[in-house]
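Open the model in your viewer and keep the selection tool at hand.

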Amino acid sequence: MIGRKRRSAAQVEVPRRAFDLLCLSTAFVLAVNATHLPWWLTAALAVVLGSRWWQRRHYPGRVPQAIKLPLLTLLTLAIVAYYGNLFGRAPGTALGIGLLVLKLLETDTPRDVRVGMSFACFTLMTALLFDQSMVRTLVVALGLVPALATLRALQPAQAPTGMARGFVPALALLAAALPLALLAFVLVPRLSSPLWGAPGRDQARTGLSDRMSPGAFTELLTDDRPAMRVTFEGEPPPPDQRYFRAFVMGHYDGVSWSYADVANAPAVALEVEQASAYRIHLLPTHRRVLPTLDVPIEAPEGAAMRRDRVVIAARPVDDALSYSLRSATRYRLEPELAARHQRWLRLPAGFNPRTLALGQSWHQQHGGDDAAIARAALALFHDGGFRYTLAPAPLGRDAMDDFLFGTREGYCEHYASAFTVLMRAAGIPARVVTGYQGGYWNKLGNYLLVRNSDAHAWSEVWLAGRGWVRVDPTAAVRPERVSLGATAAAGDQLDWYRRDWLQQFRNRWDIVNRWWDQGVVAFDALRQRGLLTPFGIRDTDTGTLGLLLAIGSSLFVAIGLAWALRRRQPRDPLREALRALEHKLARRRIVRHAGEGPQHYLRRAARAMPTRRRQLTELMQQYLELRYASDEPAPESVHAFRRAVRDFRTTNVVK
Amino acid sequence: MRGLLQRLQRLAEERLPALTRYRRPEPLPITLHRRRIYIVPSGFGLGFSLLLLVMLVGALNYGNNAALLLTCLLGAAAAASMLVAFRNLDGLRLEHVQAGHAVAGEAIELVCTFHSGRLRDAVRLDLGDTSTAFALAGTDATRVSVHLPTRRRGWQPLPRLRLWTSWPLGLFRAWSWLHPEQSVLVWPRPEASGPPPRAMTEDARHMQLHRGEELAAVRDYRAGDPQRHIAWKPSARHDDLLVKDFEQPRSQPQWRLDWRQLGGLEHEARIARLARWLNEAQAQRCSYSLWLPGNDIGSGTGPRHYARCMDALAGLP
């Protein structure tokens, strides 16, 4: 039917513009993937890309095999050496991008350019496997523009345009494709379970760890990416009551506190005086713990409540997770301490002798008044010359001794740890709790934004009759940390870019990220099934989705076809001028009949308006001349006719 | 395989004339419209859709909605490019085809004039195995020249032309067949060598004493020009003297080429010899006349006269 003829494709040269654009697309791919590639690989690939571009521009010709093969070997070896593997998400992506750059070395025909461009689109997508934020997605989508422009540049015989102008049609094509893309995005049936194993997650974990040693939080405290977003049913708790518990750590080995996860133990008793219902949208942490406001009353679906009312999910949170909970904000937790309460008093032997001595001296001083001992410790932090800083001096083997009697500077981890050790030394059951505190209340979206930098550690002490009571020693040193949040507490130790106004902007801007995270990133099979709930269909199955997709696509195809088939009628200024004249005469009730020729009509008009007879006759002559004397009337004459029509007045001029 | 396909194609043309209506010759101008533009994905388009499928399955499997959005965007852009490809041909009009001159065995130049209401890029015109790419300006007519190989003299109908494009991304190929109802005249191939015409005698080469009374033009005065040639009236309106320029007398041999003189030759050989004589006469810039059965062309010179004579020769039965 088509009579395909194989023209020797190898003979066709790649236009220079197409090659430049392909290089640009590849550079774009490299740039968006740079965040997760090792820097030396990015740099090396950029050098290869740049030199190939320079070589082709100045010394056109092929790259010898003697260069290509060693580079390929080197790339493979480097990736195996760095990742220890060629497969998996991170090494696979690195290999793909490396191959894309090396493909440029043997791009000599249009076919090579097409293959390279397709591969560039694929590697653009891999950048999204590591980060799905809105800005990243937009930037990656912009990467399609040079890729599509590359394909355009391969077409022969084009009207010459500048390189930048060449992007406009590609951008327009993407913009035109956006509605259909969105429709497909909403309606393409999601998989409720993956077809094959999810990729191996990278080892670098963010979020709270189940171990805490003073000084380990620093990385987290300077990471101001969102950790979670919380919406409350009813009023949000006041800023100094926004404590989100994650881990309860009871075991101290002299260096760090740790959480021991014991399954199958019933949760300790909880007497609720006041409760709050809320919903948390947790961003991926790759850990199983689910932070909760204060003390949770029950565990959400898919998670279990541990003994100390720590909520542990069945699977690591690898994708954003939303869960609704009710928590006690005024409560008595474990009013009767269990028999095995010794574990809340245990301290490692041979560590921190001065701290232990101080605690014991308080015990003797205050006797059994545990609350007084806690107050004494807080008074020590408040008046003992302690300083809050995110960059404290390092501590030695007896870390708490060094901190309490030496450096006297640190942040929440130091204070919580030292306070708990002091309490235990004084014979009061105590433990460290980690989680988040504070957050930014977004008025526009009515939600609380909690960033990783809001990570916090505090203590809980068990007081007879009151159960476990939260004590935040950091508040004794730096009340702003609790009332105003981590940023205010950090004071002037922050970089210039985290100054107030920028922070304010970022906090407000977060509502867009939230919308993106909840509306786009978290749009899964479950949400898709509930898509038609407003229309009374509870469960939208795959068949319905497919049908909707087909209908919607046909609709867009119809719109597209209407655009493609539309043909613009050539403008006829002469006819328009005559219409204008008819309009003017119609106001004097001289209406042109259907099928009445211009000559007949204008004669009739001239008879009806004796005062304008001469003018109308002239106009008629002019029109007939222009219309029938020649194929293509002179533009000046047409213009003159239009002017004459414009100046024609139907009303009598006062003499 | 290829032969089988071609046989099938021919069978389809014979059996299904309604489907293959576009293949029949039709009068010019031919305007392309939706019922005669065909679109299929190109090889690259098929490969690209495979890539899209891989991206789609990958994005769905990893539950990565951002990647899915990117895939959908790319897919929708690819689909939209099909409409652009269609629109690149829709409404295009082949106004007329002008044929050049060529003798049998040489390629004849065909100048196709296209009219387009808007800018169109990367349109290609296939004739046989050759393909010519061109861009169309918005308003003016665009002339595209292609070369049609010829074999024998006489009227040769134009073959089917294929107008196609893979604009803008090369993912789809839109095409339409053009079969103008028009024939081109191929001139006879002159014989390689032979005797000169018998009529080329001295009496035919009489001097045309063209004293040149006709005024051709005026030019600037040069030293030595006769005084009576000065154009006084025009000179009065200029600063310099002007001189009347007269056509120069020249000697023009007169050739009488006659079909009847070549009685002993075959039909085609006669034509070939006459063609050679015409060529020679034209090369020597002499005046010649041609007598053919049913056609007597008077004496004349110049390319138009030559073309008239050759056309007459080519048109012989």
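**Stop one: a hairpin in chain B**

Select strands E17 (residues 287-292) and E18 (residues 295-300) of chain B: four bridges join them, and they run antiparallel. Helices (H or I, at least four residues) and strands (E, at least two) are DSSP runs, numbered from the N terminus. Two strands pair if DSSP finds at least two bridges between them.

This is a predicted model, where local features need pLDDT of at least 70, side-chain atom pairs count only at pLDDT 80 or more, and totals for chains, interfaces and linings use all residues. Residues are numbered from 1 along each chain as its sequence is written, while chains are lettered from A and ligands numbered from 1 in the order in which they are written.

Now find B:Leu290; B:Ile297 of E18(B) stands opposite. Two residues lie between E17(B) and E18(B) in the hairpin. In its turn, click B:Gly294, with a positive phi of about 80°.

**Stop two: a parallel neighbour**

Five bridges pair E16(B) with E17(B) in the parallel sense. B:Arg256 has B:Ser289 as its bridge partner in E17(B).

**Stop three: two helices in chain A**

Select H4 (residues 89-105) and H5 (residues 110-130) of chain A. They pack at an angle of about 150°, with axes 10 Å apart. That makes H4(A) roughly antiparallel to H5(A) (over 145 degrees). Axes are lines fitted to C-alpha atoms, for helices over the stretch in contact, and angles run from 0 to 180 degrees between N-to-C directions.

Notes: Parallel < 35°, antiparallel > 145°, perpendicular 65-115°, else oblique.
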